[in-house]
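Here are some notes to read with the structure open beside you. Take the points in order and find each residue as you go.

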Amino acid sequence: MDLNGKVVLVTGGASGLGEAFCRGIVAAGGSVVIGDIAEEGGQEVASHLGERAHFVRLDVTSPESWESAIAATEERFGRLDGLVNNAGVSASGTPVADEPLETFQRIIQINLVAVHMGIHFAVPALRRAGGGSIVNISSAAGLFGLALTSGYGAAKWGVRGLTKVAAVELGRERIRVNSIHPGMILTPMTASIGLTADEGAFPNNPYRRVGRPEELVGTAVLLLSDASSYTTGAEIAVDGGWTAGPTIEYVTGQ
């Protein structure tokens, strides 16, 4: 998979999954713009990745910030070929009947509305480049109902639907739009709730463990590359088989 000559903007690129995507893009020969509100972390990632990486401060809930980030990308690298809508916040862990409205709205704003903004502001630049690829990071929680994730789950299902609508609308312009649905992945966000990558720590999963950020990179790079030139509107689960069904141990209790 070759990203030589391609320029990709990654939101939430200063840490976790986003940082892994940025590293993978550069390793595949592409250039990356790291968009994040975490300026120190983003600058550090950019410095490690070298001249084909650039940091921009990006608040994904701000239209003005999006406009500025797209302009900075084209100014630095001359074009935009891809967008990874990765920035997000975790679930509240609160039952739907108890989740405060403000919490629900905040999660929807960051995890769904911001993805719409990303598509909206990136498309003109992708058109100027003659086409491109948008990869939206949804979740396994956007493929089935997961308790205690009402705002998060609703947003991730929304990302899944928005991806398909955008794929249908933009296909004739050779702008592809796909979604990746990670399962439990060990990142700073999930480590805060006690997840570990230990073998056997996640028994309701054929792999019996949570994933690592680098295990999603190949899928993202594939979707950004010309190797997937006929793939659009797809939803790809990268979850160790979690959404395929419950494990034998879970079903039998053994």
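1. Start with the cavities: there is one of 30 Å³ or more. A cavity is a set of points, on a 1 Å grid over the protein atoms alone, where a 1.4 Å probe fits but cannot get out. Its volume is the space filled by probe spheres set on the points, with grid points joined across faces, edges and corners. Please keep in mind that this is a predicted model, where local features need pLDDT of at least 70 and side-chain atom pairs count only at pLDDT 80 or more, while totals for chains, interfaces and linings use all residues. Residues are numbered from 1 along each chain as its sequence is written, and side-chain values use heavy atoms, with hydrogens and water left out.

2. What surrounds the largest cavity? The space inside is about 40 Å³, and the lining consists of Thr11, Val60, Asn85, Asn86, Ala87, Ile110, Ala114 and Val115. Helix α4 (residues 101-128) contributes the most, three residues; helices (H or I, at least four residues) and strands (E, at least two) are DSSP runs, numbered from the N terminus. The lining has five nonpolar residues, three polar and no charged ones. In this scheme Ala, Val, Leu, Ile, Met, Phe, Trp, Tyr, Cys and Pro are nonpolar, Asp, Glu, Lys and Arg are charged, and the others, Gly among them, are polar.

3. Now look at the second largest pocket, with a volume of about 270 Å³. A pocket is an open set of points with protein on both sides within 12 Å along at least five of seven lines, and lining residues have an atom within 4 Å of a point. Of its 17 lining residues, Gly132, Arg174, Ile175, Arg176 and Ser229 are the closest to the centre. Strands β5 (132-137) and β6 (175-182) each supply at least two lining residues. By class, four are nonpolar, seven polar and six charged.

4. Which residues of helix α7 (residues 214-224) are buried? They are Leu216, Val217, Thr219, Ala220, Val221, Leu223 and Leu224, where buried means under 20% relative accessible area, exposed over 50% and partly exposed in between (1.4 Å probe, protein chains only). Their cover includes β1 (7-11), α1 (16-27), β4 (82-85), β5, β6 and β7.

5. Of its 29 residues, Val10, Phe21, Val32, Ile34, Val84 and Ile180 touch the most other members. Two or more residues come from each of β1, α1, β2 (31-36), α2, β3 (53-57), β5 and α7. Apart from this core lies another, of 27 residues, including Phe121 and Leu170.

6. Ala46 sits in helix α2 (residues 39-49) and is buried, with a relative accessible area of 8%. Beyond neighbours within four places in sequence, Ala46 is in contact (heavy atoms within 4.5 Å) with Ile34, Ala53, His54 and Phe55.

7. Finally, find the one aromatic pair. The rings of Phe144 and Trp242 have centres 5.3 Å apart and planes at 80 degrees, so the pair is edge-to-face. The rule: rings of Phe, Tyr and Trp (its six-membered ring) pair if their centres lie within 6.5 Å, with planes under 30 degrees apart stacked, over 60 edge-to-face and the rest tilted. Phe144 is partly exposed at 26% relative accessible area, whereas Trp242 is buried at 12%.

Methods:
A nonpolar core is a set of buried Ala, Val, Leu, Ile, Met, Phe, Trp, Tyr and Cys residues joined through side-chain atoms within 4.5 Å.
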